[in-house]
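Sequence and structure come first.

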Amino acid sequence: MEWGAVGKTVKPSHAAGTMIDVLFTHSYFLRFDAKQWEAAKPYPPLGTIYAAAEVRSRGYTVALHDTMLEESEESLELALDRHMPNLLVIYDDGFNYLTKMCLSRMRKAALRMVRIARRRGIPVVVSSSDGNDHAEGYLAEGATAVIAGEGETTLGELVPRLIGLPRRGASSNAISFEPEAIAPLHDIPGIAFREVSGRTHRTAARALMPNLDLLHPPAWDLVDVERYRSHWMRRHGRFSLNVSTTRGCPYRCNWCAKPIYGNRYTVRTPASVAEEWVYLKRELRPDHLWITDDIFGLKPRWVERFRDELIARDAIIPFNVQARVDLLGDETVRALREAGCEMVWVGAESGAQSVLDAMEKGTQVRQIEAATERLRRAGIKVGFFLQFGFPGEGWEEIHATIAMVRRLKPDDIGISVSYPLPGTTFYERVQPRLGEKRNWVDSDDLDPIYPSLYDRAFYRALHRRVHSEFRARRGWDLLRRSLRGEKLAPAEGRAVLSGIKQALLLPLRLLKLRALRRPLPHSVTMAPPRDPDLPAPNESEAVLSS
């Protein structure tokens, strides 16, 4: 990557109202996901602008229609009028975990955009996690080709086959497009398309790029950065952007879907990432960075070398990462702190070792405890990703997770429900018992989809009950600090007020959860030795006590 060159051209690559070769967009609309809209933490489509940079490097003019903050799919109509593209590429941001969830509302948006473009005769290429899983559905709606796996190289080879085929009429701006006129695509690895006969043809798999440093830097000049900055500043008082340093994950948690990169793990060099941070700090000026990697710092000594590269370039920017608890040794944590790490999110998932083992997570509850303590000593915040509803989880296991949160007091939590997606062992195990619904509508759906121990209403109530207790406890801890004379940050002051509100809501949420504790008849229940809403043995603290 040549970040120095990018920094010299932070401007659109085409004039408004001029015809361009390829229009890029994606299918994630923040407004269609009420929970995420309320959280108000939008990130630009990083994967999309990586792909746009690759196509532009091959001599094509490109533009971006960024749907993240748009109101509806109809906004694409205006973008098509403005840019008059020869090709539309719906390229989802594979670094955004929300796109990996394959939400049905976003699929509806993607298919609507396919139809909008095809009605104008514009060919459409789709690259997304959902497209990987359901290529036939996208092709049936009119997509010309669906990319499988890592997309930049594949798209770079596909565009030349398609870009010359659309023909503009002398008296109209409409594009005529004849599928049977497509140049042969059979020799391009990593795509699915429909032959003239109507049969779907899938080509050979595309090998992943072994050297991520050879990627062209993402086309940040296509993004309306100030629109994102304004959105963040209004709600949070600071501006955050996203960065990717790795692709994929070599671990084999049996519930984790990896439709794009599989179990392969590739990583950029520390120097390459540090150069990107220099560019971001100088040109885009974020206050904070979110590292999108599934696992940060897996390669031995990578974090230490990265710290050294950042310090040498005076490129420190506060950042958050995701990491495994078994990778957070003393030296790694020290290097994270010195590099500017503000918070580490870990996949704690459950406080019950039996559930972690059933997930084939490869971690121990004691490692969660040790990593939390190590991060806290270093002054780094810790967040827990938690997951309820995995097969074999019963009352005792649910309580073990609640008790772990009480005991370890993370700085934040994110709660989900086990969600079977194609390509996972979990999915294969429960597929024979799945009903018509196969995907969540939005990220707050929380429907187990498979015949779990409890129903959707129970898990939604559990989600809110655990969040209420956590927010109440955290608010109480911050209030005590304030009463001792410690000055709280504005966000911490808001957390105190939220904690008071959640403390008032908690009794009602406890009652609702108890009313919904009815195991479904088709599930094998585990003997409930005790009520998870009552204190465990030797755990006498009240909800708001220390």
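F319 lies opposite C341 of β15. The two strands involved, β14 (residues 319-323) and β15 (residues 341-349), are paired in the parallel sense over 5 bridges. Strands (E, at least two residues) and helices (H or I, at least four) are DSSP runs numbered from the N terminus, and two strands pair if DSSP finds at least two bridges between them.

The model is predicted: local features need pLDDT of at least 70 and side-chain atom pairs count only at pLDDT 80 or more, while totals for chains, interfaces and linings use all residues. Residues are numbered from 1 along each chain as its sequence is written, and side-chain values use heavy atoms, with hydrogens and water left out.

## The sheet

An open sheet of 6 strands, with parallel pairing, runs in the order β10-β13-β14-β15-β16-β17. β10 (240-243) and β17 (412-417) are the edge strands; each has a single partner strand, so one side of each has no neighbour in the sheet. From one strand to the next, the twist averages 25°.

## Helices on the sheet

Helix α11 (residues 270-284) packs on the sheet and touches β10, β13 (288-291) and β14; contact means heavy atoms within 4.5 Å. The direction of α11 makes about 155° with that of β10. Angles run from 0 to 180 degrees between N-to-C directions, with axes fitted as lines to C-alpha atoms, for helices over the stretch in contact.

Helix α15 (residues 365-377) lies across β15 and β16 (381-388), and runs at about 155° to β16.

## Cavities

There are 3 cavities of 30 Å³ or more. A cavity is a set of points, on a 1 Å grid over the protein atoms alone, where a 1.4 Å probe fits but cannot get out; lining residues have an atom within 4 Å of a point. Points are joined across faces, edges and corners, and a volume is the space filled by probe spheres set on them.

The largest cavity holds about 120 Å³ of space. It is lined by 17 residues, of which Y91, D92, G94, I260 and Y261 are the closest to its centre. The lining divides into 4 nonpolar, 8 polar and 5 charged residues, where Ala, Val, Leu, Ile, Met, Phe, Trp, Tyr, Cys and Pro count as nonpolar, Asp, Glu, Lys and Arg as charged, and the others, Gly among them, as polar.

The second largest cavity has a volume of about 100 Å³. Of its 14 lining residues, S27, D92, T99, C102 and M106 are the closest to the centre. α5 (97-100), α6 (104-119) and α7 (129-133) each give two or more residues to this lining, and α6 provides the largest share, 3 residues.

Terms used: 1 Å grid on protein atoms, 1.4 Å probe; cavity = no way out; pocket = protein on both sides within 12 Å on 5 of 7 lines; lining within 4 Å.
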